[in-house]
Amino acid sequence: MTTTPQAPGLKIMVIDDSSTIRRSAEIFLTQAGYQVLLAEDGFDALAKINDHHPDLVFCDILMPRLDGYQTCALIKKSAKFHATPVLMLSSKDGLFDRARGAMVGSSAYLTKPFTKDSLLAAVREHTGAAAGA
């Protein structure tokens, strides 16, 4: 009944200050066969990214201490991680928010609450995990 992902072993980081969002994403991604790294905020994420080298990062925008835009910009400025796709997560769906995300280098924008299908589709689209079409 479970399906094997097209790209097993992909590491995906989810950065969100909401434990509910982190847990939902972790369940959806783990069920699909991906390795999941969780971070509560940008500082936590930056420490873990260097150790774990995720293939894709989901990053909430509204977080304490270091917001998602700042976190994305720092990831993209890194020579080691500038090519890593960063997808912004937000409950806001405004044009300004999307534009600001693009300006700091995000690959896409996913509105919360997300569904399992939308989350997995974003992973496939930005990692080439479903490159059989």
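Contact here means heavy atoms within 4.5 Å. By that criterion, Ile21 touches Asp16, Lys112 and Phe114, with residues up to four places away in sequence not counted. The model is a predicted one. Ile21 lies in helix α1. Its relative accessibility is 16%, so Ile21 counts as buried, the cut-off being under 20%. The C-alpha atoms of Ile21 and Asp60 are 9.4 Å apart in space, although 39 residues separate the two in sequence.

The overall architecture is considered next. The protein chain contains five helices and five strands. Along the sequence, these elements follow the pattern β-α-β-α-β-α-β-α-β-α. The five strands form an open sheet with parallel pairing. The strand order in the sheet is β2-β1-β3-β4-β5. Strands β2 (35-39) and β5 (108-111) are the edges, each pairing on one side only. On average, neighbouring strands of this sheet are turned by 20° against each other, with direction ignored.

Strand β1 comprises residues 11-15. Five bridges join strand β1 to β2, and the two run parallel. Within this pairing, Met13 stands opposite Leu37 in β2. Helix α5 (residues 116-127) packs on the sheet. The strands touched by helix α5 are β1, β3 (56-60), β4 (86-90) and β5. The direction of helix α5 makes about 135° with that of β3.

One aromatic pair is present in the structure. Phe28 and Phe114 form this pair, with an edge-to-face geometry. The ring centres are 6.4 Å apart, and the angle between the planes is 75°. The pair links distant parts of the chain, its members being 86 residues apart. Phe28 belongs to helix α1 (residues 19-31), whereas Phe114 sits in the loop between β5 and α5. Both Phe28 and Phe114 are buried. Phe114 is also one of the residues that Ile21 touches. Helix α1 holds Ile21 as well as Phe28.

A further loop residue was examined. Thr84 is placed in the loop between α3 (68-77) and β4. Thr84 has 10% relative accessibility and therefore counts as buried. The contacts of Thr84, leaving out residues up to four places away in sequence, are Pro54, Asp55, Leu56, Val57 and Lys76. Strand β3 spans 56-60, and Leu56 and Val57 are among the residues that Thr84 touches.

The protein chain has 133 residues, and 45% of them count as buried. For a chain of this length, a compact globule would have a radius of gyration near 14 Å; the protein chain has 14 Å, so the value agrees with that expectation. Taken along the principal axes, the C-alpha atoms fill a box of roughly 40 × 30 × 30 Å.

Definitions and conventions
Residues are numbered from 1 along each chain as its sequence is written. This is a predicted model: local features need pLDDT of at least 70, side-chain atom pairs count only at pLDDT 80 or more; totals for chains, interfaces and linings use all residues. Side-chain values use heavy atoms; hydrogens and water are left out. Two strands pair if DSSP finds at least two bridges between them. Helices (H or I, at least four residues) and strands (E, at least two) are DSSP runs, numbered from the N terminus. Axes are lines fitted to C-alpha atoms, for helices over the stretch in contact, and angles run from 0 to 180 degrees between N-to-C directions. The radius of gyration is taken over C-alpha atoms; the globule rule is 2.2 Å times the number of residues to the power 0.38. Buried means under 20% relative accessible area, exposed over 50%, partly exposed in between (1.4 Å probe, protein chains only). Rings of Phe, Tyr and Trp (its six-membered ring) pair if their centres lie within 6.5 Å; planes under 30 degrees apart count as stacked, over 60 as edge-to-face and the rest as tilted.
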